[in-house]
Amino acid sequence: MSTNRRLRQYYGLETSETNNETDIDSPNFNSDKYFAENTKNESIHNIIATQNQIISEIRTYENELQTIVYGNYQKFLHANDAVSEFKEQIVDLRAQVDHLKEHFTEMQKKNNEIETKYGKTKEEVVSLTGISRLLERVKFIMNLPKELKNCLKTGNYKKAVNIWLKVEKILTNNSNIPSFQGIHSTCTEIMEKIKSEISSHMVNTDISVSESIEYAILQVRLGYSLQLICSSLAFHEYLIIDNRLEDDSKPAGPIELLEQVDQLAIHNATEFVSLFKEKLIPLENENSEKISKVLSDFTSNTFERVCKFVSSGVNLTNLSVDDFFSYLNKFDTLLTPIATSKQLSDYTHNVIVKYIEGVTEKIYQTTVEFLNTNIKSNADDLSKSVTEPILNLISQFAPYSANYGECVMTLAIQIQLSLIKLFEVFRSTPGDDVLALSKVAQRLSEGEIKGIYSRISDIEQGIPSLSDELTVAAKRTSEQCLLAFITAARQQIDLQLIKDMSDYNSYPEEEPISPSQAAINLMTTLKDYSQRVAALFNPADYAGTSSPRKTVVSSSNVATFNGVRDASDISQMFHQATFGRLFLNPKISMDPAEIIFSLIIYSVKSFLEFVRNMTYSKYGFHQVQVDCFCLSNIFQFVDKVGFERIDSERTGIVTFVLEEAAYSAGDRTYDRDPLQLTALHSIWDVYMEKHQ
């Protein structure tokens with residue numbers, strides 16, 4: 001219980017809420033019962049604790065009571081001093097009151113004398129003053145038509161309205177009086193002309209916005225519907241803006257265009273909105289929502305008209321990123337007074353999306369053009385032509401991501417769409433050039449796409465990563481492009497073999513002294529392809545030893561190209577045929593050595609098929625032997641790029657296929673008498689001396 005409450009209870013100002021005799025705060029407290037109950041129910045420790053607590057509270061209350069008594073004593077002393085001082089001053093105050101009373105008595109006496117002497121004159125003056133005022137009013141009413149005509153003539157319509165609103169009720173109420181009837185009729189006719197003039201001036205295109213508002217206010221004061229007047233005025237202001245924007249030419253620069261549209265439309269629209277809110281909306285108490293709706297429709301229509309004008313006047317995609325966001329900031333600043341936050345947000349979103357679509361499309365077109373023009377360049381240069389413009393664009397958008405967070409997500413999506421379109425271009429590229437694009441797609445799949453979207457994530461956290469899907473698409477594109485390159489190369493080689501083998505003389509009349517033109521053309525073509533492939537790769541892609549490869553067939557090799565199937569070789573040939581089938585259609589990877597190996601294996605397979613389609617004389621069979629032996633040395637004839645890493649089993653497969661061609665030619669020769677391996681070596685060595 002608080003001290004104040006205890007004191008109030010003590011003085012009888014407040015009663016306790018309990019009548020319990022053992023409650024120490026109750027007015028019915030019984031100390032004997034309290035002592036008996038505590039000694040009976042409590043332990044000695046609790047009793048001692050209770051005793052200490054009561055003693056402490058008693059001391060506290062005594063201190064508080066002393067403080068209160070001392071405070072009251074001080075208050076009594078101050079009150080006594082105040083009473084003594086008041087007693088001293090009351091004597092002077094009575095003297096002053098008596099003096100004033102004497103003056104008031106004298107003033108009353110003088111007033112009575114004046115009233116007695118001039119009372120009648122005062123009544124006459126008041127009467128004459130009333131008559132004078134009435135005469136002035138009559139004169140004013142008699143001169144009212146002339147005054148209104150003068151206002152009509154001078155265009156002082158505000159004065160005319162003020163006058164009319166004062167006298168209209170008087171003239172109407174007294175229109176039965178003949179003299180007033182003519183005045184009322186004449187003034188009404190004049191006011192109709194003034195109303196017509198006010199209405200036409202309100203929609204005059206040559207006056208300012210503030211003047212139009214003032215004319216609208218005059219019409220409302222004259223009794224016209226506020227909603228009708230506001231609608232008419234808003235529609236008129238919109239037509240003025242629309243006509244100005246329709247008739248004016250547009251400057252080339254976007255910032256200059258915004259300055260022009262500010263002069264033509266935004267400045268007047270902003271002033272109109274401000275005056276409309278200040279002067280017209282307060283005139284309506286009951287239907288203010290309808291009046292506000294009129295203003296809302298005006299701002300919405302004006303905003304759309306300005307956006308249409310700006311959109312048709314400049315191509316924002318030609319702007320740099322910095323200039324684009326400068327344009328957005330200025331647009332937002334100019335249009336804020338007449339646009340809602342949603343309108344500005346929607347416009348900003350749409351413009352950002354269109355701008356990013358435009359700039360990413362430009363990057364896409366530029367990249368495609370570069371790839372088409374520089375398709376023979378190194379794969380690193382081609383890859384940079386794809387990634388560097390994208391990374392530069394991301395860096396340019398980075399400073400604006402805080403204020404325009406949506407641009408980062410839009411940029412991520414548009415980059416994805418551009419890369420998907422680029423992959424479609426890769427896959428649709430015809431001929432040998434597709435190999436370079438395959439290498440570019442591989443580079444993208446091996447980390448460059450992740451690097452792009454990692455940069456985007458650094459700018460804006462929470463952007464969902466699109467890199468995994470794109471990486472898979474890039475890898476698939478790389479494989480498809482590589483397959484398309486191999487297919488195109490095979491077709492070209494096969495077409496050349498068809499032409500060369502059609503001229504192949506399988507029944508010559510003398511011994512061959514060099515490879516046939518078909519074999520020479522095939523080796524030349526494979527060399528050209530190897531050099532073309534090598535140009536696309538960095539040395540790191542095919543690092544290996546630089547020692548020249550020796551001839552894969554020698555006197556110690558199994559392959560003799562004699563066209564005779566020995567029984568002792570059947571087991572080995574079966575093993576080669578079974579094992580070699582695994583490599584006849586190899587899975588191709590983005591490795592220069594593997595790419596050329598694939599072309600070689602496919603080429604010798606085609607050569608084998610052509611050989612099987614003919615029959616031979618002895619010399620024709622010898623020519624096939626020479627061609628097979630020469631082609632078996634294809635790895636030293638073509639460029640050495642990467643072939644140090646091709647294992648002996650794969651080179652053995654090429655030899656196996658060529659030996660099978662020799663067997664097939666032998667099977668189709670009636671009088672075969674094969675050349676010995678030494679003879680084949682000699683022909684090859686002579687050829688190499690002439691062509692190295």
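Colleague: Is Arg672 buried, partly exposed or exposed, and what is its relative accessible area?

Modeller: This is a predicted model, in which local features need pLDDT of at least 70 and side-chain atom pairs count only at pLDDT 80 or more, while totals for chains, interfaces and linings use all residues. Residues are numbered from 1 along each chain as its sequence is written, and side-chain values use heavy atoms, with hydrogens and water left out. Buried means under 20% relative accessible area, exposed over 50%, and partly exposed in between, with a 1.4 Å probe and protein chains only. Arg672 is therefore partly exposed, with a relative accessible area of 37%.

Colleague: With which residue does Arg672 form a salt bridge?

Modeller: A salt bridge is a side-chain nitrogen of Lys or Arg within 4 Å of a carboxyl oxygen of Asp or Glu. The closest N and O atoms of the pair are 3.9 Å apart.

Colleague: Which residues are joined with Arg305 into one network of salt bridges?

Modeller: Arg305 forms a salt bridge with Asp242, and the closest N and O atoms are 2.5 Å apart. This pair links distant parts of the chain, 63 residues apart, with Arg305 in helix H10 (residues 288–313) and Asp242 in helix H8 (residues 226–247); helices (H or I, at least four residues) and strands (E, at least two) are DSSP runs, numbered from the N terminus. Arg305 counts as buried because its relative accessibility is 8%. Through salt bridges that share partners, Arg305 is joined into one network with Asp242 and Glu246.

Colleague: How many residues apart in sequence are Lys421 and Glu361?

Modeller: The side chains of Lys421 and Glu361 meet in a salt bridge, at 2.5 Å from N to O. Lys421 lies in helix H14 (residues 406–428) and Glu361 in helix H12 (residues 341–373), so the pair ties together parts of the chain with a sequence separation of 60 residues.

Colleague: Over the ring of which residue does the charged end of Lys421 sit?

Modeller: Lys421 counts as partly exposed because its relative accessibility is 29%. A charge sits over a ring if NZ of Lys or CZ of Arg is within 6 Å of the ring centre and within 35 degrees of the ring normal. The charged end of Lys421 is 4.3 Å from the ring centre of Tyr364.

Colleague: Why is the pair of Tyr327 and Phe331 tilted?

Modeller: Rings of Phe, Tyr and Trp (its six-membered ring) pair if their centres lie within 6.5 Å; planes under 30 degrees apart count as stacked, over 60 as edge-to-face and the rest as tilted. By this rule the count comes to 17 aromatic pairs. The rings of Tyr327 and Phe331 have centres 6.2 Å apart, and the pair is tilted because the planes lie at 35°.

Colleague: In which helix does Tyr347 lie?

Modeller: The rings of Phe331 and Tyr347 have centres 4.1 Å apart and planes at 15°, so this pair is stacked. Tyr347 is buried because its relative accessible area is 8%. The pair links distant parts of the chain, 16 residues apart, with Phe331 in helix H11 and Tyr347 in helix H12.

Colleague: Which residues does Lys450 touch, not counting residues up to four places away in sequence?

Modeller: Lys450 is in helix H15 (residues 434–459), and it counts as partly exposed because its relative accessibility is 46%. Contact means heavy atoms within 4.5 Å. With residues up to four places away in sequence left out, Lys450 touches Ser467, Asp468 and Thr471.

Colleague: How many of the 21 residues of H19 are buried?

Modeller: Helix H19 (residues 592–612) reaches 31 Å from its first C-alpha to its last, close to the 30 Å expected at 1.5 Å a residue; the expected span is 1.5 Å times one less than the number of residues. H19 is mostly covered, and its buried residues number 17.

Colleague: How many helices and strands does the secondary structure of the chain come to?

Modeller: Buried residues make up 40% of the 692 residues in the chain. Residues 24 or more positions apart account for 78% of the contacts with a separation of 6 or more. The secondary structure comes to 23 helices and 0 strands.
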